[in-house]
Amino acid sequence: METIVIEVHTGREAGTFDLTPEIAAFVAGRGDGLVNVFVPHATAGIAIIERGAGSEFDLIEVIDHLLPRVDGVYRHRHGSEGHGADHVLPAFVPPSTSIPVLGGVMALGTWQSVLLVDTNVDNLVRQVRLSFLTSV
Amino acid sequence: METIVIEVHTGREAGTFDLTPEIAAFVAGRGDGLVNVFVPHATAGIAIIERGAGSEFDLIEVIDHLLPRVDGVYRHRHGSEGHGADHVLPAFVPPSTSIPVLGGVMALGTWQSVLLVDTNVDNLVRQVRLSFLTSV
Amino acid sequence: METIVIEVHTGREAGTFDLTPEIAAFVAGRGDGLVNVFVPHATAGIAIIERGAGSEFDLIEVIDHLLPRVDGVYRHRHGSEGHGADHVLPAFVPPSTSIPVLGGVMALGTWQSVLLVDTNVDNLVRQVRLSFLTSV
């Protein structure tokens with residue numbers, strides 16, 4: 001299995017980070033198969049949504065509503081105010097997804113981008129593992 | 001990798017659409033492996049839930065509550081009232097899932113169906129890609 | 001494809017159950033690939049989150065808030081009070097995930113555990129299927 005780890009500089013703001021170009025580069029030339037995108041962190045996830053028309057900011061607001069960033073709500077309490085929310089996030093925005101690849105190109109729809117979702121303001125750099133599986 | 005695209009006529013109502021029979025037909029005779037179900041659209045997802053006892057309608061109501069269909073809530077604003085909600089949906093109900101296949105049959109539980117979840121009332125026809133991976 | 005089914009005794013309380021040790025034992029010695037974790041039940045899901053610092057309890061509370069356990073809310077109504085909630089859960093906390101494996105070891109992050117999420121108080125024992133795919 002071909003596999004690499006990329007680094008994403010996520011900074012101190014909750015946000016989304018486009019992984020699509022790096023995944024596209026990773027699968028280029030590999031033929032047909034599945035690419036698995038996996039985040040080895042307990043406070044981040046992967047979302048496949050449109051980017052560039054506002055939805056990536058809408059997502060962060062919905063997450064804030066579902067998982068309020070206030071202390072006192074969560075048993076898990078350390079780091080920044082409301083950091084317990086970040087630890088619940090990956091149950092709803094999972095850290096693993098798989099995307100079909102055809103002729104070395106992801107079979108994404110026109111408006112789909114693969115985004116790292118990171119609401120954690122205490123970690124500045126994140127890793128993402130990309131793995132490619134072919135079939136016999 | 002064996003892969004096909006099927007079309008689903010989803011109409012102008014938010015709803016769920018059972019993909020189970022078409023996936024079952026696709027994997028029939030293929031032996032052991034994983035079938036990946038992938039929706040190449042930015043406003044739809046896949047859910048594996050029970051169908052026929054009301055839960056598919058309960059899901060649409062919970063989505064309406066989590067993602068209210070009103071303008072003014074979302075930055076992404078075009079199309080029908082509250083369409084911005086549709087663009088957040090795939091972060092929570094992802095467009096990709098993988099299901100084990102044994103002897104050409106999906107290893108689903110008794111009450112599990114594989115449903116396309118499409119709250120977007122502006123798109124009448126959707127595509128779904130089915131891909132089968134075997135192992136050496 | 002190598003595949004096994006394990007049993008998890010989940011009892012009569014909503015909760016999470018750590019699958020990490022059994023998955024680790026299953027993939028040990030298998031080299032590189034993807035392990036798929038699949039729950040063949042319509043009222044349970046898989047979450048990859050931290051365990052041991054409270055987040056597994058925070059998750060159950062967030063689920064209770066998103067999916068209130070009261071009759072009258074859901075069309076699907078049988079079993080215990082609010083059981084309809086359990087049938088919506090897998091749309092948001094899906095029953096399938098895949099994790100990269102390198103040299104027979106899951107490539108999890110330091111704080112990630114693979115948990116079965118089971119809010120259903122009427123089923124005491126659950127099955128989980130583990131499947132390993134290698135690549136050519």
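Copies are superposed by least squares on the C-alpha atoms of residues with pLDDT of at least 70 in both. The structure is a predicted model, in which local features need pLDDT of at least 70 and side-chain atom pairs count only at pLDDT 80 or more, while totals for chains, interfaces and linings use all residues. Residues are numbered from 1 along each chain as its sequence is written, and chains are lettered from A and ligands numbered from 1 in the order in which they are written.

**View 1. The rotation axis relating chain A to chains C and B.** Chain A is superposed on chain C by a rotation of 120° with 0.0 Å of shift along its axis, at an RMSD of 0.0 Å. The two copies are thus related as by a three-fold rotation axis. For chain A on chain B, the superposition likewise takes a rotation of 120° and 0.0 Å of shift along the axis (RMSD 0.0 Å). Phe92(A) is the residue of chain A that comes closest to the rotation axis, its C-alpha lying at 3.3 Å.

**View 2. The open sheet E2-E7-E4 of chain A.** Three strands form this open sheet, in the order E2-E7-E4 and with antiparallel pairing. Strands (E, at least two residues) and helices (H or I, at least four residues) are DSSP runs numbered from the N terminus, and two strands pair if DSSP finds at least two bridges between them. Strand E2 (15-18) and strand E4 (45-49) of chain A are at the edges with a single partner strand each, so one side of each has no neighbour in the sheet. On average, neighbouring strands of the sheet are turned by 35° against each other, direction ignored; the axes are lines fitted to C-alpha atoms, for helices over the stretch in contact, and angles run from 0 to 180 degrees between N-to-C directions.

**View 3. Pairing of E2(A) with E7(A), and the helix across the sheet.** Four bridges join E2(A) to strand E7 (residues 113-118) of chain A in the antiparallel sense. Phe17(A) has Leu116(A) of E7(A) as its bridge partner. Helix H2 (residues 55-66) of chain A lies across E2, E4 and E7 of chain A and runs at about 135° to E4(A).

**View 4. The side of chain A that touches chain C.** Contacts (C-beta atoms, placed from the backbone, within 7 Å) link 27 residues of chain A with 33 residues of chain C. Strand E3 (33-38), helix H3 (84-92), strand E5 (96-102) and strand E8 (125-133) of chain A each give two or more residues to this side. H3(A) gives the most, with six residues.

Methods: Contact = placed C-beta atoms within 7 Å.
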